[in-house]
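Have the sequence and the model open side by side. We will walk through the fold one piece at a time.

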Amino acid sequence: MASKINKGEILAKFFDDGEYTALFADGAVSAACGYAAGQQAYAVYQNGEAVTVKDVEKNIKVLEMAAQTGCPVVTFYNSVGAKLAEGLDVLTASAKLNAQIAKVSGVIPQVAVVLGVCGGTSALSAANADVCIMAEAQSCSSPLRSPLLPRATRWPMPAPQPPLQRLAWPPLWHPLLRKLPRRLLTSWACCRPTT
């Protein structure tokens, strides 16, 4: 499902005078570098498709480059999550991406801008950014589970449980504990008692 938002328009509005250098241009994720408000910055753009291992590796590479230069990274999220055909490999790559996001947190500013559906592993990455901005539109969402799953495969919600009742201690315990010698309360069976 391709994005209705034009990548060229978004990046042209984000970078000063619409000028930027494309770093990765093919696939579900593309990246660019340029100046935004006079500050050098990196931008990562998702086009609405499911991300693959190569796409996630692009994100990691951009974060590594930004950490070396101290430039902020703005990621425009619009993805239904990981490509299921790649199995655990894409989930492992997503875990590495979130580890990299955590590693550079506090080193470089990270801004997540949700432009459409930000599902699955992309939702987790967006939530880990320093600032997360969601576009004001009905089509924008950030579910951890993909909203495109059929109704039958969704997990049923468990019935609410009654709150736990606090146990009331019998009034006998408190006076008995006060009468025990101090040495018994502070020493354990494995340790020699101190004098």
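What follows goes from strands to cores to aromatic rings.

This is a predicted model, in which local features need pLDDT of at least 70, side-chain atom pairs count only at pLDDT 80 or more, and totals for chains, interfaces and linings use all residues. Residues are numbered from 1 along each chain as its sequence is written, and side-chain values use heavy atoms, with hydrogens and water left out.

Start with the strands. Helices (H or I, at least four residues) and strands (E, at least two) are DSSP runs, numbered from the N terminus. Two strands pair if DSSP finds at least two bridges between them. Strand β2 (residues 29-36) runs antiparallel to β3 (residues 39-46), and eight bridges join them. Ala-31 faces Val-44 of β3.

Now cross to β4 (residues 73-79). β3 and β4 pair in the parallel sense, over four bridges. Tyr-42 has Val-73 of β4 as its bridge partner.

Next, the interior. Buried means under 20% relative accessible area, exposed over 50%, and partly exposed in between (1.4 Å probe, protein chains only). Six of the eight residues of β3 are buried. A nonpolar core is a set of buried Ala, Val, Leu, Ile, Met, Phe, Trp, Tyr and Cys residues joined through side-chain atoms within 4.5 Å. The largest one has 21 residues, of which Tyr-42, Leu-63 and Val-73 touch the most other members. β2, β3, α2 and α3 (88-104) each give two or more residues to this core. α2 gives the most, with six. A second, separate core of ten residues includes Ile-10, Leu-11, Tyr-45 and Phe-76.

Finish with the rings. Which residues do ring pairs link into a cluster? They are Phe-14, Phe-15, Tyr-20 and Phe-76. Rings of Phe, Tyr and Trp (its six-membered ring) pair if their centres lie within 6.5 Å; planes under 30 degrees apart count as stacked, over 60 as edge-to-face and the rest as tilted. The whole structure holds three aromatic pairs. Phe-14 and Phe-76 have ring centres 5.6 Å apart and planes at 85°, so this pair is edge-to-face. Phe-14 lies in helix α1 (residues 7-14) and Phe-76 in β4, so the pair ties together parts 62 residues apart in sequence. Phe-76 is buried at 6% relative accessibility, whereas Phe-14 is partly exposed at 22%.
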